[in-house]
Amino acid sequence: MSDLNQTSKTMLTRRQLLKGVLALGATAGLAACAQPATPAPAQPADGGQPPSAGGPAPTAAGSPLAGTQGGEMRGKKLELSLAVIAGWPPSQAPIKLFPDFAAFAKDKYGYEVTVRKTEAPFAALFQKVAPTLASRSQEYNLIVSDSQWLGALAEPGWIVKADDVFALVPELDLEPYSTLVRDTYQVYPDGSGIRWGFPQMPDTQGLFVRLDILKAEAANYKAATGKDLPLTYDELSKLTVQQWEPIWEFLNGKNGMGAVAIQQSKEYDFFSCAFHPYIYATGGDIWDPKTNNVVGVLNTEANAKQLEYFRSLQKYQPAGSQNFGIGEVIDQFVQGKVITAFQWLAVGLFMKPEDPKAEVLALPHPRIEFSGGPSEVIGAMGGQPWVINKFNDDDHMRACIDFLKWWYTDETQKKFLAEGGLPWTKKGIQNPLFEGEPPTWFKPFVYMLEEGRSRDFWHLPEYAELLAIQQEAYNGYAAGQFNDPQAVLDAIAARQQALLFDKGRTQTPVPEKLRNAQPR
């Protein structure tokens, strides 16, 4: 957005919505909620009978999962209901661009379509759509899903298997830039190769830097340390977190600014996504996806050392950093309160300081040094896929497939990028459709989307419960309520292991010595 005031309003909305995120409810409890109204089936223009409802046969001739193939939709009118994430421009872009789809449907297939938008913050959106899907309603025809919801939506049979669509519409089976795209936004169960999602918005992590301030302090840094301050992308992107520390120490307090901002809030997954790269990059993990075991994987001595190190970085951050989430980090950077900030690279559109002289450089997430050898850059994955309601009637199902055919055209993707979107296909990455030069965050985004550079975590239906367990303990440690990193990880691992054992996800019970583990 060109108007800074409008951008600030959008950022405030994003911050407020993210702070208001609700924890995911248990599926069984959500299913008991009252059923919302279901949109009426498409009505033929001649007043004839509406099409019958019911799930189409994926391999049947003329299947709605192939979209409109001939004149079966000609002359009809319908409303397509989209559920999207509130306050998140890449999720709102399909609504803004919907008139283009309406023209596409009219010109190519001869039917009229309007859109109904439902929006809510991340987990609150799940709470809206889950009870309607549990009741086999087509209240929401096409849904923007967080990647971690795939298991919760796929296991009950609520969404269409993307593989069934690809079998009939191979042009939608686009080649991803890396397996990170497929594994994060499409596949469940992990490692099965079974695809459910259609990538909508990819995201990776990086570090935003006030390059103008680094340039202004370069001579002072040289005088104080005898070393040159790195000032180019190539120089800065090679720095490990540990190599950033003397720079942060020097910059901290300059012009009343903190040196860095890092997300540590208890809300949603903020602390987890900021901290887990320190585990991944040093050879650790948070669970074993093959056995679903957490004990012995998360609560290692090496991971405890990384948790302790992660908290130690608070000394370079402004007061109250334990409450920072996405929105707070945006505010800190935009308002000139910090010089560097760890942030999702898709938020780059908003990382524009109020200072008109500011020069911003975006970098990949820095590597982490550890005793086991040179680290790889492994950040957390963000982003969302589309999922299709399995209970759509035939005409709404066709319209959803037609929408995706339109959505993935070059013309539409070009407009999506102009709205803050990012590409995920090999073609889109290698030949980006930006107007003019790509934004500063595109280069590190692509780097972090390469094989082995980023990692998503669980896609299990128990995602929300697993997340709540660790977020509470992690944030308690960040806030100084707990001070033993090993005890914190032991408590998290024990509770998550117990949950997964009770749910039948693992055959390994909690070891006796950890059954009463508490953070301290």
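These notebook entries record what I looked up in the predicted model above.

**Conventions.** I number residues from 1 along each chain as its sequence is written, and I work with heavy atoms for side-chain values, leaving out hydrogens and water. Because the model is predicted, local features need pLDDT of at least 70 and side-chain atom pairs count only at pLDDT 80 or more, while totals for chains, interfaces and linings use all residues.

**Entry 1: the four-stranded sheet.** I looked up the strand order and found an open sheet of four strands, β7-β8-β6-β9, with mixed pairing. Its edge strands are β7 (258-261) and β9 (360-364), each of which pairs on one side only. Neighbouring strands of this sheet are turned by 15 degrees against each other on average, direction ignored. I take helices (H or I, at least four residues) and strands (E, at least two) as DSSP runs numbered from the N terminus, and two strands as paired if DSSP finds at least two bridges between them. Strand β6 (residues 205-210) pairs with β9 over five bridges in the antiparallel sense. Within β6 and β9 I noted Val209 opposite Leu361.

**Entry 2: helices on that sheet.** I then checked what covers the strands. Helix α11 (residues 241-251) lies across β6, β7, β8 (338-344) and β9, and runs at about 135 degrees to β8. Helix α14 (residues 326-334) packs on the sheet as well, touching β6, β7, β8 and β9, with its direction at about 150 degrees to that of β8. Angles run from 0 to 180 degrees between N-to-C directions, and axes are lines fitted to C-alpha atoms, for helices over the stretch in contact. Contact means heavy atoms within 4.5 Å.

**Entry 3: strand β11.** I asked how enclosed β11 (residues 382-388) is. Seven of its seven residues are buried, so the strand is largely enclosed by the rest of the structure. Buried means under 20% relative accessible area, exposed over 50%, and partly exposed in between (1.4 Å probe, protein chains only). On one side I list Gly382, Gln384, Trp386 and Ile388, and on the other Gly383, Pro385 and Val387. Strand β4 (residues 142-144) runs antiparallel to β11 and is joined to it by three bridges, with Ile143 opposite Val387. Strand β5 (residues 198-203) also pairs with β11 in the antiparallel sense, over five bridges, and here Met201 stands opposite Gln384.

**Entry 4: helix α12 and Gln470.** In helix α12 (residues 270-280), I found eleven of eleven residues buried, including Ser272 and His276. These two residues are among the contacts of Gln470, which also touches Trp458, Ile492 and Gln496 when neighbours within four places in sequence are left aside. Gln470 belongs to helix α19 (residues 463-478) and counts as buried, at 1% relative accessibility.

**Entry 5: Ala491.** This residue lies in helix α20 (residues 485-502). I record Ala491 as buried, with a relative accessible area of 4%. Ala491 touches Ala517, Gln518 and Pro519, not counting residues up to four places away in sequence. The C-alpha atoms of Ala491 and Gln518 are 4.9 Å apart, although 27 residues separate them along the chain.

**Entry 6: the α4 and α15 crossing.** The axes of helix α4 (residues 98-109) and helix α15 (residues 394-407) come within 10 Å and cross at roughly 110 degrees. The contact is made by Phe98, Asp100, Phe101, Phe104 and Tyr109 of α4 with Ala399, Asp402, Phe403, Lys405 and Trp406 of α15.
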